[in-house]
Structures are given as structure tokens and as C-alpha cells.
Amino acid sequence: MGNKQTTFTDEQLEAFQDCTFFTRKEILRLHGRYRELAPHLVPLDYTNNPDIRVPLALIVTMPELKENPFRDRIVQTFSEDGQGNLSFNDFVDMFSALCETSPRDLKTIYAFKIYDFNRDNFICKDDLQQTLNLLTKGELTEDEVLLVCDKALEEADLDGDSKLSFSDFQNMISKAPDFLSNFHIRI
Amino acid sequence: MPRKSDAAKMDEVGIEIDGEVSDSDDGVAQRRNNRRQAAGRGGAKGRGRGKKPASDDEDEADEEEDEAPRGRRGANKKKPAKKRGDDDDDDSEDEAPKRKRGGAANKKKGGKAQDSDEEDSDAPKGKKGRGGKGGKKGEKEEEETKGKKGDAKGKDKGKDKDDDKDKKKKKKKDDSSSDSSSNSDEEEESMSEGEMARLMEEVEEKKKLIANIRNKPWRMKRRLTHLKEAQAFVDKFEGALGKGKGRKWYAYKVMMTKKWIKFQRDFENFRTACIPWERKIKEVESHFGSSVASYFIFLRWMYGMNLVLFGFTFGLVVIPEVLMGLPYGSIPRKTVPREEQDTAQDYSVLMDFNGYCKYSVLFYGFYNNERTIGLLKFRLPLSYLMVGIGTFGYSLMLVIRTMAKNADVGGGDGEEGEFTFAWKMFTSWDYLIGNAETADNKYASITTSFKESIVDEQENQKDENIHLRRFLRVLANFLITCSLGGSGYLIYFVVKRSQEFATRDDLSWYEKNELEIIMSLLGLVCPPLFETIAELEDYHPRIGLKWQLGRIFALFLGNLYTFLFALFDEVNTKLEEEQAIKNASIYAMKEYYANYSRLMNDSEATPPPMDPADVIRGPCWETAVGIEFVKLTVSDIQVSYLTILIGDFARAVIVRFLNYCWCWDLEAGFPSYGEFDISGNVLGLVFNQGMIWMGAFYAPGLVGINVLRLLSSMYYQCWAVMATNVPHERVFKASKSNNFYMGLLLLVLFLSLLPVVYTIMTLPPSFDCGPFSGKSKMFDVVMETIDLDLPAFMGTLFSYAANPGLIIPAVLLMVLAIYYLNSVSEAYKNSNMELKKKMQMARDEEKNRRNNTDSTNQVMKDLEDLLPNRSLAPPPEPEKPPEPEPKPTKTKPGAAGKGVDLQKDVALASPNPNARGPVSRAPGPRGQGPGPRPGPGPGPGRGRGRGPPPR
């Protein structure tokens, strides 16, 4: 392309297009957004894959994320070090998984990771409580929270171990009418 | 050179092998080896270089060559590390094991395996050069394993290995050279069938991986690495497939596929770049959530569809007529009649689409019935009919396709209530929201919905006074039915009255536009009225919304159809009137000629043609219908824009600025700001489209007007919603609503198709206006084309086809087909259910198992892989993955393919152990090889591999 300055080589762009659901324009835009977050950190030239990470605190200021109650979890889930520092690869990964065209299965997996607050590969009652408190900004009373969590577990937990495994979660989410339309961020 | 010495050794080995080979039918293998060797010489260096960048570890070509063998081994399913270890022992050992492996693999990959060990490095090159598969495979594997190798080397015994490798390489090279000299000719048929198949499989798998890699829940780095590997693999080996003459064709095909994929991607890039208003919608979305945005997406979709319709109508009908048809004023139908000419340019007349508007390309009546126009012999009447029908065909196709696509994505098939709380918890947050106020509303609405559910749960049904509620519901429905009937009658009444008005001249503005005003007002007043009445019913909001939508739909539909029936009445009276006028005009024409000849006293002289403005016209009911629809559309646009301006904008301004000096809080209290009325707007859009569909046949210009309307309303409504509306207090779900809208659209399309098709098929067209004038039915134009333009036999063919004797069986056949497809889909549904059940069972089982053992599920593994703890070490990610599992997933093509092959190989090899056994042992050094290499399986394979080198 005739850009004054190359951000990516054509091969890189092709590879990104193969690995994500984005078009080249969107990838370039993503890079713009990424760079916007930390202009002093992120170089314009990405042809040599610099190893740069933008910290969580900066990422969650993006308008797409800043109102999301789960923003920290989202960013942590997609960060390779688990601390919320995102390299550009992770950054692209995040929006690719959350974009409109990514398939339900993929979204389910990442949703599971996001709601699994303590990262034990199960959504247990603690996770549910945290989710609920984030969702309602703590407006529900303690009893209500417990009741709702119990109910949710009762509904979705098929094997009776009082926590949701991935397959429980998948089973539940696969029937949810709103999941795809809601679990979706446009960049 | 050291290689030569090695070569000597190799020769020995080779001889032994040869004997075996000859026994076993490995001529092919030998050939392959030869080729490889030959190629190897040439290509080895090239490859080595190529590989270097990828693997980073390889310093020298020799090393690279070594790697190649490893790769093959990997393919054979042995772990590279083990092999390496073996290799380290002795050259001879190395060779032996390799041979063994090759033997195991022999049938399928015989060629490859053989090459792999001794001539590996060379072989791959040779293969490449030839387009041989073996070489390519080796390369692929090499690539795959490069990472691993590199790591292993670096970590373990890089130097040792290197040495070993060097030796091996040398040997191989020597072998290859010798082989090549001896057998070069034989190489031709490089790969055996099995090999081909396997390679093909692998390549296919890699391709699949490339296509699906974006769906894998892997870290981007891992994805990128795998992608690179897979691509390199495919690149190297793809060309190897296909043989003989087929090879060129295959290569061509491969190349074309690549180009095609590239083109598709570019096209996709271009297409998405062309989708307008992406940013605007995003902005709305983040302010109001996905439900409001769904309206705008729908609007955009409509715009796209109308743009296509517009292209057809203007490209095939309007523009040809303008460019090639007779100009304005040349014939009566294109001229304003004398008595109207004085007022034809008045603003008010033009606004009613009379005067010059009426006699313009916008309407049906303007078109001439000349069979062909212009130099191009463009068949305008035929094209007019085809576009009219094609409009419906295209819309139908598009709507149905979109619905099917949406249904695919929809997915949510769970019964209501099964997962109330879990769904609320995990799917209620709208990730699109990026606006603080909306987010607050969303929090509030989620909290409320949780509280509601809790209350519901606690006292499942609070049945107070069921009788009262039932009574109220019946009452509400009664009231609504009354208002529906009332509005229908009102419209009928108004249409009738307007027919009376049509005969009078002293009409006020209101009287002229009464019909449109009444219809728009009904559309404006009734929905809120229904909403108020619906309060009586006290339904759950979601159910309430459905009722509301249904009622508004019924209202619009009723109004539209009343309007249509009234219009038909009018058309019928016009048709009667027309008959009289037709006679009158003929009479007038005759009289004119008679007078002329009498005046001139010369019956021979041809009179000058009558001034077109003076000719007596028929009423041209088609244009009248078209005008009605255009007026309706325009008034609809005006009303909806005014509503936005007054109902939303003015209200917002008042609330905003009067709030400073008012006695209560206007923003929070009574008027407050408006909310965006999604259902009303969507229904308005749908019905507007219905009118366009109905009217487009009689007023081709209507499509253009509609495109303008949609375009402006996109900007206008976007602005209005951002500037004057507040987010919904109860943000309701947009889920599935897309298909709901589409369903409505489909229904409206069907309903608007009926009257148009009816008129086309049954009513006679006006005698003096429009493209079909002079015919007894509009579709006669098709018959005419068949008779005149197609060869005679086509005509007879069509007449046969139109024979009832053929049509009835055809209809029967279709009915049968529907029945058959129906039962098939039934069966599929059943088996679907079965499968679902089975999946459920399997899932349960898996769960039980998982409770005992650790995660066996692949997805779980991937999940674990994503765990931050594991990924804590970032460096391992890129290179590591290949090591433990370049094919961790089942889907990983390479792994699966290899596994299978290995087994097969073993199976194949086992029967021959005797023959092979002795051979492999014969050479002292090699004999050891087999021992250390238990895994690869029988030595014999090796032996075979060797076969070729001995030449």
C-alpha cells in the first residue's frame, strides 16, 4: 500500500488476516487505536515485531471498554502474562474474539475465561458472586446475591459439583438467545 | 570431501538394501531415492538457506539437511528428541534406525522414509526440484520440527547433534550422488499412491488449519507460528501432488486457487470498506446499546437493497426511455393536455404530482409501447415487465437468504425459563455499551430484572383477581379491535370521498390531500393509543411488546389494504370510463380527419397530425395508482420527519432550556426526553417498503424517491437519536429481533406482491398510455417476444409448456417435491434431536470422567493453555508449542495424519519382518540401529529405503 510509512509488511497483514476476523484496514485501525493508548511506548513501525506491552490501566480507558463491568477481566484474559499487559498481538486477539464475526464456540471459550475470576477453570460460587456484584453494582442484598447464585448454579450445573465446568457453561450459553448479540465489541 | 567417504559407506548399505528392494517391489522407492539424491544436490543448498531463516538454528546447509531427516522421522511419529539421541550414537546407528523407520512407513511413505534417513537432506531438495512429494514432505516436516530441533539442539547437545548431522548429511549426500548417477532415470515416478494420498491428506489438513486458525482459542503468537508452519508446509508440498501429465494441471489449479483466495480476500477488504456508516452506527450503538443499533443496521440493509432495485429500475427502464425514447411532447401520452397546461407548472399542482410530474418518466403512463427503441433495439416494454417482476424476485430472494443466514447465527433454542438466572448473569451485559448513562441504565435494568426474577421465584404466581384481569384484557382487545375497524372504515370512507372530490375542481388543500393526511395521522395516533389501552392488560413487558407490534402491524396492514380495495374500486370505474373515452377518441379522430378532408375538399390529402395536446385521453388508471402511492410515500416521509422534529427535537429543546425556569424538574419529571421508538420505526420502515414494492411498477420513480428517503433518514435519524433521545430505561433485548423484522418484511413483501401480480395478470392496460397500451393483457408482451424474436420452435415449445396437460403434472410434481423435502427435513430434525441427546450423554459421561482424571477434553486443554500461569513465560510460547505438540489439538493436521500413518506403517511392515530383518542387520553398524530404535518398528523398512542408494 502507498502509506507513507509502513506499519506492517504485507506478509504480516496477511498473517493477521488469516489469524483474525479482521480486514487489513481494520488491523491498521486497531494498530492506530493501540498506539493511541500509549504513543510514547508503541512505535509506528511494527515490521520487526517489537515486544511491547501496554499495561491494563491504559487499555481499560478505551471507550469500548471503559463502561464494561468486566473490563479488567477481559483484558487479563487476553493478556499473555495474566496481569493485563497486552502486546499488540494480544490486543488484536482480544478484539478479534469479540468481534461480530467470530463464532459462538470461540466466544464461549473466552467468555468462560472472563467469568472465571479465580482462574481455576471452573466458575464457582465466588465467581458467580463477583459477576453478579459487578453486573448490579452491588445493588442486591447479600441474601439476594446468594439466592441468585444458587439458582444459577442449580440451573446450569449438570454434574452436581456446585461449580460450572466449561461444558456446563457451554451447554448453558449455547442456548442463550442474547449471547452472540451482547458478547460483542465493535472497534 | 568427507561426503565421499560417507558415500562409500552408503553404497554398501545401499547394496544390501537393493537386494531387499528388488525382492520387495521397491523399484519405485529406489527411483525415488535416486531422484531425491539428484535433486538433493541441487536443491539442498537452496533449501538450507530457505530453512535457515525459519529455524534460526541452522548455520550450515549440512545441518539443515540433518534437520530434514528429523522432520521425516517426526512424520513417522517418532519423537525428534529420541531420534536425535540415537543419531548421536553412531552414524551407522543413525542410518539404521532411519531405515527401519522408513521400512515401517514403507508402503505409504516408503520413498520418504528412505530418503529421510540417509539422503534426507538431499532428497527433499531433489523432490522439490522434481516436484516430488517426498522431498516436499521432508521439508514440511523439517519446518515443523525446526523449532523443536532448534530448541533441542540448543538445549541438549547442539554441538554433538550438529556433528552427527553433518556426518549424516555427508553420507546422505554421497549416497544420493551415487544413486543419482545410477538410478536417476528411474526416479521419475516419484511417489507411490499411498504416499501421495498421505501427503495430500496432510496438505489438506494444513489447509484446513490455515482456514480455521482464526477459530482456535490460541494465543495470537501461537497462532501466528502455526500459521507460518502450515503455510510453509503447504507451499512446499502442494506442488508435489499430482503426477505425470496431471502435475502441471494440478500446479495450475493450486496456483489458481491461491489467486482466487487472494482475490476473495481483497474483494472482502474492498467490500467491508464500502459498507457505509459503520462509525455512525457504532456511535449509536455505544450510546444506546444493540437494540437501537439494530434499527439502524436494518435501515442500512434496506438502503442496500433499494439501491440495487434502483439500479435495475433506472438502468433498464428509466434511462433507456429518457435517452432513446421519444422526447416530451411528441405523442399524446408524453404531453400535458391542453386544458391542464395553464396550471401544469403551479407549485401546488406539482406537489400533487400532477401537471408536468404526471407526464414524466416518473410514472407508468409516460412510457411508449413501441416494441423496440433506439439504435440498440432495446425492448422497453419487455424490459419494463421484467424489471417489475424482477424487483419482487430479487427482494424475495434477498429477504429469504438474509433470514436463513440470521437463523444460522441465532442459535438460541433453549426453552424459556430453563436458565433464567444463568442467562441473566452471563448474557445480559451488552458489551457494546460505551456510554456512562446507558451503562447506568443497563445496570439498573439488570438489577430490576434480577429482582423481578427473584420475586417471581419466591411467589411463583401471585394471582390476585384473575377475573378482573381477564375482564380487562377482553375489554382492551375489544377496544383495540374497535379502533382497528374504525380506522379501516375511516380510510375507506376517505378514499370514496376523494373519488367524489376528483370530479370537482374547487378543492381546498386539505380536501386534496385528505387521504394521505388521514392515513399518516392514523399511523401517528393509533400506536400510542394501543399502548395506553395495553396498560389495562398488565402483561409482562416482553409479551406486551409483542402484542403491541402485532397490533400496529394489523393497523398498518388494514389501512394499506383498505386503501388498496378503495383504489381498486376507483380503477374499475376508470376502466369503464375508459371504454367510453376510447370510443370518443376514435370518434374524435375520425371526425378530425373527416373535417379536414371536407375543408380541403380533397379526400386524398393526408391531414397534418393532430396536436398531441388536443388528443382526448383515457384516464390511465396505472398512472393514477402510481400517483397515489407516490403521494402516500411522500406524505409518510413528511410526517415521520416532522414527528421527529416536533416530537423529539422540539421536546428536547423545551425540556432542556425551560428547565432553568420551571417549577418542577422537566428532565426527570413529566415530559423528560424522548426515547427512541424502535418498534414503531421498524414497522414504519417495513410498511414504507411495502408501498414501494406495490407502487414501483406503476411509478418507476418511486424507487428513486425511496433511496433518497432512506439516505436522508439515515443521517437525520442518527443525528436526532444522538441529539435528542435518551437511552431506554428498560433496555430490551434485540435478540432475534433481526429475524423478526425480516419476517415482517417477508410478510409485507408477499402481501404487496399480491395486488401487483393481480393487476398484471387480470386487468387490461390502458389503451393510450404506458408500455403495454394496445395489448389486452400486460403479459402479452412476453408472448409477443416469444412469437417474434425467438425461433419458431421456441414458440411451439412454450405453447406446449403452457398446455394444461403439462402444467398439471408439473404442479403435482412440485407438490410431491415439497412433500418429500418436508419429510426429509422432518427426518433430519429427528436425527438432530437424537444427536443432541447423544451429545448430552457424552457430555455427562465426560464430566464424570473428568471428575476422576484430569481434563481429557481438547478444548479444556486449550483453555488451560490460555491460563495466565502457563503463559507466564512468554518466550516459550512461540517456539515451545511446536515442541511438545505442534499438533496438540486433534485438529492439528500434521499430528493426526502422522499418527495414523505410523500405525498403518507398522501394520504394513510387520508381515515382512523376516525378509527385512536379516538385511537390516547385515551391515554391522546398522544392525545396532534397529536395536536402539524400538519405536519406529521393523528394520525392514529401513532396508528398503536403503535400496535405492546402492544403485
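In which loop of chain A does Asn121(A) lie? Asn121(A) sits in the loop that runs between α7 (104-115) and α8 (125-136) of chain A. Please keep in mind, as we go, that this is a predicted model. Most residues other than glycine have a negative phi. Asn121(A), however, has a positive phi of about 70° although it is not a glycine. Its relative accessible area is 6%, so Asn121(A) counts as buried.

Phe353(B) is not a glycine either, yet its phi is positive, at about 60°. You will find Phe353(B) in the loop between α13 (347-351) and α14 (380-410) of chain B. With a relative accessible area of 11%, Phe353(B) is buried because the cut-off for that word is under 20%.

Now step back to look at chain B as a whole. Its 951 residues are 50% buried, and its secondary structure comprises 33 helices and two strands. Take the contacts in chain B between residues at least 6 apart in sequence: 80% of them join residues at least 24 apart.

Next, look inside. In soluble globular proteins, nonpolar side chains tend to be buried together. The largest nonpolar core here has 100 residues, and those touching the most other members are Phe296(B), Phe298(B), Phe563(B), Phe629(B) and Phe697(B). Helix α12 (residues 278-324) of chain B gives the most to this core, namely 16 residues. To explore one member, pick Phe563(B): beyond its neighbours within four places in sequence, its contacts include Ile491(B), Val495(B), Leu515(B) and Met519(B). Phe563(B) also touches Glu628(B), Phe629(B) and Leu632(B). A second, separate core holds 91 residues, among them Leu13(A), Phe117(A) and Phe179(A) from chain A and Ile213(B) from chain B.

That brings us to the place where the chains meet. Chain A puts 86 residues into the contact and chain B puts in 80. Together they bury about 7,400 Å², with 59% of it on carbon and sulfur atoms. On the side of chain B, Met425(B), Phe426(B) and Tyr431(B) lose the most area to chain A, together 12% of what that side buries.

Polar groups take part too. There are 16 residue pairs in polar contact between chain B and chain A, and six salt bridges cross the interface. One of these joins the side chains of Asp18(A) and Arg265(B), at 2.6 Å from N to O. Helix α16 (residues 436-458) gives the most to the side of chain B that touches chain A, with 11 residues. By type, that side divides into 34 nonpolar, 20 polar and 26 charged residues.

Key. Residues numbered from 1 in each chain as written. Chains lettered and ligands numbered in written order. Heavy atoms only, no water. Contact = heavy atoms within 4.5 Å. Buried area = accessible area lost by both parts, 1.4 Å probe. Salt bridge = Lys/Arg side-chain N within 4 Å of Asp/Glu carboxyl O. Polar contact = N/O pair within 3.5 Å; in protein donor to acceptor, adjacent residues only side chain to side chain. Helix = DSSP H or I, 4+ residues; strand = E, 2+ residues; numbered from the N terminus. Nonpolar A, V, L, I, M, F, W, Y, C, P; charged D, E, K, R; others polar. Core = buried A, V, L, I, M, F, W, Y, C linked by side-chain atoms within 4.5 Å. Buried < 20%, exposed > 50% of the residue type's maximum accessible area, 1.4 Å probe, protein only.
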